[in-house]
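These are my notebook entries on a structure I looked up.

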Amino acid sequence: MTAVTDLRFQIAPGGALRGRLRVPGDKSISHRSIMLSAIAEGESRIAGFLEGADALATLTAFRRMGVEIDGPDAGRVRVHGVGLRGLRAPDGPLDMGNSGTSMRLLAGLLAGQSFPVTLTGDASLSRRPMRRVTEPLALMGAHIGTTADGTAPLVIEPVPHLTGIDYRLTVPSAQVKSSLLLAGLYAGGETGVTEPAPTRDHTERMLTAFGYPVRRQGARACLNGGGRLRGCQLQIPADISSAAFFLAGASIAPGSDLLLEEVGINPTRVGVINILRGMGADIELLDRRTLGGEPVADIRVRTARLKGIRIPVDQVPLAIDEFPAIFIAAACAEGETILTGAEELRVKESDRIQVMADGLTRLGILAEPLPDGIRIVGGEFGSTAGGEPIDAHSDHRIAMSFAIAGLRASGSVTIRDCANVETSFPGFVELAAGVGLGIEASGA
Ligand SMILES: O=C(O)C1=C[C@@H](OP(=O)(O)O)[C@@H](O)[C@H](O)C1
Ligand SMILES: C=C(OP(=O)(O)O)C(=O)O
């Protein structure tokens with residue numbers, strides 16, 4: 001599914017980010033757009049779909065379960081929904097590639113089907129914890145096997161019925177919340193999920209767009225099983241998680257002035273803006289509007305003098321995927337930045353605390369990993385010229401974060417194992433080069 005060769009990025013030092021660009025469609029919303037339109041009744045039309053490997057893994061999975069899907073063609077997808085009970089057994093295991101969202105959400109959506117199905121993933125996904133979904137799904141009556149370590153493959157056996165539960169999440173996770181709500185569509189009675197802190201609410205918003213009632217009572221989201229989703233039209237905003245590299249990059253590169261178009265600014269996703277602003281970033285939200293049930297804005301970002309901060313713990317779930325980019329900004333800030341309460345970063349596509357600390361250290365920055373975060377002391381980036389490249393460990397967000405670090409490096413920066421950038425941000429190299437990053441890819 002994803003390339004396994006060693007794709008390298010070479011970054012020429014210096015430069016500014018200037019101009020305007022639209023980063024690709026939101027990954028979280030793209031996954032959900034396929035899942036919900038597949039089990040809706042009638043046709044759905046999606047625009048702005050992310051044609052990256054993760055969202056395509058979700059799309060392929062539904063095709064293999066008998067859903068007719070036209071596209072994607074320049075972000076346009078037409079899905080001929082089969083209704084809640086219309087999916088068919090695939091002819092073999094479904095490969096979720098690198099995508100935690102696909103695996104965890106599909107575990108819930110498929111737990112109540114009348115056929116068996118196995119979900120597999122690549123080496124990284126096969127290391128990630130799955131009990132956080134399989135255990136609560138078992139409380140609903142699901143039969144899902146994992147390895148002894150609680151990892152994929154997930155072997156889902158059909159069960160006569162699921163029963164709604166009232167579940168309090170132990171980790172703030174939109175993937176777990178969504179998995180349970182999707183299983184709840186197939187369950188008797190009410191399924192309720194209470195979160196310890198707000199997490200992205202795209203599933204709840206999109207269910208509502210498909211005409212499925214979801215209730216929100218404070219920190220609890222709930223729905224009743226057995227309803228119907230009706231096909232609809234969806235427009236997907238640009239992904240704030242992809243915009244994050246440019247928010248950090250333009251903030252640190254002298255002379256930058258960049259406009260990021262039509263970026264999703266859902267309040268459950270804007271931690272990166274809040275944190276960078278807390279560090280002194282110059283970020284303006286222009287022309288706020290609503291697109292497909294989600295708030296969006298054009299974002300203008302200009303160079304700023306950043307200062308280190310203690311990152312507020314309540315911002316952690318709101319910026320969970322953006323920390324690698326935030327760490328690069330912290331490394332260019334005056335003084336010390338401290339992050340705690342973010343142990344989740346250790347179980348993403350890579351251990352993002354250790355891998356970022358290693359790369360920052362390689363560039364001469366004092367970066368001390370903590371069990372649940374990191375301490376970074378701002379300084380001057382060196383370079384990797386004449387030495388070992390920085391290792392992205394197949395993690396897309398690590399690769400793109402060190403690419404923007406090149407804007408402030410003293411010499412060239414080489415990053416290895418970058419092929420998985422394709423999972424969330426196809427076209428990154430061209431888009432970034434187009435606004436001023438001196439980036440070249442080689443060795444694919
Ligand atoms: O629901 C989603 O689409 C996502 C939720 C987050 O994961 P967790 O729920 O594990 O925090 C995030 O890291 C991931 O990239 C996408
Ligand atoms: C953690 C991420 O995604 P997923 O969990 O879907 O693999 C991510 O995109 O940073």
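Which residues does T194 touch, not counting residues up to four places away in sequence? I noted that the model is predicted, and then looked up the contacts: T194 touches R168, L169, A219 and R220.

**Entry: T194**

I placed T194 in strand 13, residues 190-194. I counted 15 other C-beta atoms within 10 Å of T194, so the residue is partly exposed; the buried class would need 20 or more. I also looked up the pair T194 and P172: 22 residues separate them in sequence, and their C-alpha atoms are 9.4 Å apart in space.

**Entry: domains**

I took the domain assignment next. The assignment gives domain 1 (8-25 + 237-442) and domain 2 (27-235). Taken over C-alpha atoms, the centres of domain 1 and domain 2 are separated by 29 Å. For the contact between the two, I recorded 25 residues of domain 1 against 28 residues of domain 2. On the side of domain 1 that touches domain 2, helix 12 (residues 421-424) gives the most, with 3 residues. By class, the residues of that side of domain 1 are 7 nonpolar, 11 polar and 7 charged.

**Entry: ligand 1**

I listed the residues around ligand 1 as S28, T101, S173, A174, Q175, S178, R200, I320, D321 and E344. Which helix gives the most to this shell? I found helix 5 (residues 174-184), with 3 residues. The shell around ligand 1 holds 2 nonpolar, 5 polar and 3 charged residues. Domain 1 and domain 2 each supply at least three residues to the shell around ligand 1.

**Entry: ligand 2**

I listed the residues around ligand 2 as D54, S99, G100, T101, D321, K348, E349, R397 and S424. The class count for the shell around ligand 2 is 4 polar and 5 charged residues, with no nonpolar residue. Why does ligand 2 lie between domain 1 and domain 2? I put ligand 2 between them because both domains give residues to its shell.

**Entry: D321**

I returned to D321, which is among the residues around ligand 1 and among those around ligand 2. The UniProt record, an unreviewed entry, covers D321 with the annotation "active site". I located D321 in the loop between strand 19 (294-302) and helix 9 (323-331). Is D321 buried or exposed? D321 is buried, because 24 other C-beta atoms lie within 10 Å. Leaving out residues up to four places away in sequence, I found that D321 touches S241 and R397. R397 is also one of the residues around ligand 2.

**Entry: helix 7**

I then checked helix 7 (residues 240-252). At 1.5 Å a residue, its 13 residues should span 18 Å, and the end C-alpha atoms are 18 Å apart, which agrees. I found 13 of the 13 residues of helix 7 buried, so the helix is largely enclosed by the rest of the structure.

**Entry: annotated span**

Lastly, I looked up the domain annotation. The unreviewed UniProt entry assigns "domain: Enolpyruvate transferase" to residues 13-430. I noted that this span is 29% helix and 26% strand, and that its end C-alpha atoms lie 17 Å apart.

Conventions
Residues are numbered from 1 along each chain as its sequence is written. Chains are lettered from A and ligands numbered from 1 in the order in which they are written. This is a predicted model: local features need pLDDT of at least 70, side-chain atom pairs count only at pLDDT 80 or more; totals for chains, interfaces and linings use all residues. UniProt positions are given in the numbering used here, feature names are shortened, and annotations may be inferred rather than shown by experiment. Helices (H or I, at least four residues) and strands (E, at least two) are DSSP runs, numbered from the N terminus. A residue is buried if 20 or more other C-beta atoms lie within 10 Å of its own, exposed if 12 or fewer, and partly exposed in between; C-beta atoms are placed from the backbone. Two residues are in contact if their C-beta atoms, placed from the backbone, lie within 7 Å. The expected span of a helix is 1.5 Å times one less than its number of residues. A residue is near a molecule or strand if its C-beta atom, placed from the backbone, lies within 6 Å of it. Ala, Val, Leu, Ile, Met, Phe, Trp, Tyr, Cys and Pro count as nonpolar, Asp, Glu, Lys and Arg as charged, and the others, Gly among them, as polar. Domain bounds come from an automatic or database domain assignment.
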